[in-house]
Amino acid sequence: MSNFRIALCGNPNTGKSTLFNALTGLKQHTGNWAGKTVEMKKGVYTYKNDQYEVVDLPGTYSLYSNSLDEEIARDFIVFGNPDITIVILDATALERNLNLALQVLEMTNRVIICINLIDEAEKLGININEKLLMRRLGVPVIKISARNKAGIPMLLDTVSRVISGVIKCTPFQIEYDEETERKIKILEPMIDRIVGNDISARWLSLRLLDGDRQLFEQIEERKARNREVLINGATFHKTKTGIK
């Protein structure tokens with residue numbers, strides 16, 4: 001049995017927690033994010049002999065770290081290493097919700113867009129062409145009704161196929177003005193040498209251009225902690241084996 005991690009991300013009132021409950025049932029627990037007063041919910045489900053840990057991120061309208069909820073959601077997607085980030089959108093307010101989805105697509109290429117409340121949209125006469133959205137966004141788009149559990153089997157199968165590599169994601173990237181794109185091209189190679197493949201160099205370039213110094217301080221702190229763990233681990237190993 002393999003273990004995978006899924007992040008659930010979305011605006012408030014999109015049915016994110018309803019989907020979390022539909023996926024995990026009673027196999028969930030709550031606590032607080034480390035060093036924060038914000039509630040953290042985790043749960044698990046099993047599909048085709050694999051176990052998936054689902055983390056319900058705080059509802060947020062953006063990931064620019066302008067609030068505690070935004071910071072927690074952003075940091076988990078960047079540093080929490082989820083195998084998949086599922087972005088939940090409200091089918092009745094798709095245009096407004098897509099702003100968050102586009103931000104996530106800049107951060108990671110392991111994304112599934114989940115359009116919830118599709119039953120409510122149909123009552124309002126709203127028809128969503130998920131295949132067209134899939135082609136334009138470059139990632140799977142699934143229509144569901146979390147409270148009725150409609151579309152959940154397809155979502156579970158899609159998660160499995162994306163993680164296994166059967167479905168390839170090529171996320172849409174926003175093209176900015178000529179000056180911004182020129183600066184991104186200058187910064188990307190330098191940032192890539194520092195962070196490698198762990199974090200999107202393009203996204204980090206945008207954050208640097210936006211003046212987000214705090215994010216880069218966090219990256220440096222995490223790298224320093226990782227180096228310390230490696231050094232301490234190596235020292236412990238040498239001591240145990242008698243090597244000085």
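1. The model is predicted, so local features need pLDDT of at least 70 and side-chain atom pairs count only at pLDDT 80 or more, while totals for chains, interfaces and linings use all residues. Residues are numbered from 1 along each chain as its sequence is written, and side-chain values use heavy atoms, without hydrogens and water.

2. Seven strands form an open sheet in the order β2-β3-β4-β1-β5-β6-β7, with mixed pairing. The edges are β2 (28–32) and β7 (141–143); each has a single partner strand, so one side of each lacks a neighbour in the sheet. From one strand to the next the twist averages 25°. Strands are DSSP runs of E, at least two residues, and helices are runs of H or I, at least four, both numbered from the N terminus; two strands pair if DSSP finds at least two bridges between them.

3. Strands β1 (residues 3–10) and β4 (residues 50–56) run parallel and are joined by six bridges. Ala-7 has Val-55 as its bridge partner in β4.

4. Helix α3 (residues 94–107) lies across β1, β5 (84–90) and β6 (111–116), at about 165° to β5. Angles run from 0 to 180 degrees between N-to-C directions, with axes fitted to C-alpha atoms, for helices over the stretch in contact (heavy atoms within 4.5 Å).

5. Zero disulfides (cysteine sulfur pairs within 2.5 Å) are present. The sulfur of Cys-9 is 12 Å from its closest cysteine sulfur, in Cys-114, which is too far for a bond.
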